[in-house]
Amino acid sequence: MTTDLAAFAQENDVKYFMISFTDLFGGQRAKLVPAQAIADMQEEGAGFAGFATWLDMTPAHPDMLAIPDPSSVIQLPWKPEVAWVAANCVMEGEDVAQAPRNVLRRLIDEAADMGMHVKTGIEAEFFLLTPDGEQISDPYDTAEKPCYDQQAVMRRYDVVREICDYMLELGWKPYQNDHEDANGQFEMNWEFDDVLRTADKHSFFKFMVKSVAEKHGFRATFMPKPIEGLTGNGCHAHVSVWDAPGDQASVNVFANTDGGTDEAAEVGLSESGRHFLGGIMQHAKALAAITNPTVNSYKRINAPRTTSGATWAPNTVTWTGNNRTHMVRVPGPGRFELRLADGAANPYLLQAVIIAAGLSGIRSKAEPGKRWDIDMYADGYKVQDAPKLPLNMLDALREYDNDEALRTAMGKEFSSAFINMKMQEWNSFVSHFSRWEKKHTLDI
């Protein structure tokens, strides 16, 4: 049954709704709508000029309408008179094909037509910095190996507790919070869910973390590599496929119940799980354009050793069992963890590209290749034939543009818009004059 947002407002003392959508660059855009006007907005949508956001449009395009999806509505725990609701973008009666939530919705439908319902959990890492973004907010957080630091996490207890309390209140079933491997870095985990719900939660989580951090006088960032020499912000995704959506799910399609002697079966993946993983491995270099979408992203996945001793990020297309030094690990039967994505990944496009690559693998019966059970940080040189991940955003965009199967699966209109906008971003980057250039070239 569809939630009536006007009734929701009356029952929950909501005065305003944030009708929100996410653009191609992961920017969250919203209009604040008074509850008295929400009935019309639920039917007709809130009007936006797409060109004014990071969408591939011009000022001449007609109004883009953001139609709220009432199933996604969340009352802001820190400001209960406001409710946030994710929206689907429409123009002249048709879904905007390049809009990230629409891309994901279409791929969810494709998977469902194949009897596959993807569920994911994500691990969204973030830093707490000073308001200017220049320094770690905690001057005492200086340990060489700060991961799980008891004192450091308690010095930021008020922020972490408040966010976790809100997730408990929202029914997300959070289960652990910790100080991560970089000074000033944290991770908070909640239960996995259907991909659209995970993407909506991921989008809202970023908004919530930034809002709570600002309330406490800090700045939260999901930037892939905000501090030179420290571990970057990852966004690991745990992926499984089920026989039905939501609470109807009873059979994990990825769980190996038939035995088998192949390397995927040995770590608990079924034949379909193996082929889905094969799609991820086959498209990995192109995948990076979506999972690692910024110039800064490649400071994380191609980083030198950090002060803690490890980057916790891959640079080679390899998979393994329960081993965190590879791009994909299989920590237990029936699921795998994609460790490629970073904090800049668009919450909707991250989920969409996982489905697109996985379904491609299912259709073509792709194989994931050899399972490597070695420490890639120490012994990666032994892997001679595995592809390397792109060295920069331009290389990733070229890989994506050359991967016709993945580009088509994500949608031709989306792919064209994404490549166009991202090439503009790359050109802006390379036209920027940096201090490094003067330092190394001024006296040549």
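**Fold, backbone and aromatic pairs of the chain**

Trp312 is partly exposed, with a relative accessible area of 32% (partly exposed lies between buried, under 20% relative accessible area, and exposed, over 50%, for a 1.4 Å probe and protein chains only). The model is a predicted one, in which local features need pLDDT of at least 70 and side-chain atom pairs count only at pLDDT 80 or more, whereas totals for chains, interfaces and linings use all residues. Residues are numbered from 1 along each chain as its sequence is written, and side-chain values use heavy atoms, with hydrogens and water left out.

The backbone at Trp312 also deserves a look. Most residues other than glycine have a negative phi. Trp312, although not a glycine, has a positive phi of about 60°. Its place is in the loop between helix H10 (298–301) and strand E14 (319–320) (helices, H or I with at least four residues, and strands, E with at least two, are DSSP runs numbered from the N terminus). Asp13 is another non-glycine residue with a positive phi, here about 55°. Asp13 is found in the loop between helix H1 (5–12) and strand E1 (16–22), and it is exposed, with a relative accessible area of 61%.

Turning to the overall fold, the protein chain contains 16 helices and 16 strands. A compact globule of 444 residues would have a radius of gyration near 22 Å, and the chain agrees with this, at 22 Å (the radius is taken over C-alpha atoms, and the globule rule is 2.2 Å times the number of residues to the power 0.38). The C-alpha trace spans about 65 × 55 × 45 Å along its principal axes. Of the contacts with a separation of 6 or more, 70% are between residues 24 or more positions apart (contact means heavy atoms within 4.5 Å).

Buried residues make up 56% of the 444 residues. The chain exposes about 20000 Å², and carbon and sulfur atoms supply 50% of that area (Shrake-Rupley method, 1.4 Å probe). Helix H9 (residues 284–291) is largely enclosed by the rest of the structure, because seven of its eight residues are buried. The buried residues in H9 are Ala284, Ala286, Leu287, Ala288, Ala289, Ile290 and Thr291.

Trp172 lies in the loop between helix H5 (157–170) and strand E9 (174–179) and Phe204 in helix H6 (residues 195–215), so the pair ties together parts 32 residues apart in sequence. Trp172 is buried, with a relative accessible area of 4%, and Phe204 is buried too, at 0%.

Trp426 and Phe429 form a tilted pair, 5.3 Å centre to centre with 50° between the planes. These two residues are three apart in helix H15 (residues 412–430), a separation of about one helical turn. Trp426 is buried at 12% relative accessible area, whereas Phe429 counts as partly exposed at 37%. Ring pairs also link a cluster whose members include Trp78, Trp84, Phe126, Tyr166, Trp172 and Phe204.

Definitions and conventions. Phe/Tyr/Trp six-rings, centres within 6.5 Å; stacked < 30°, edge-to-face > 60°.
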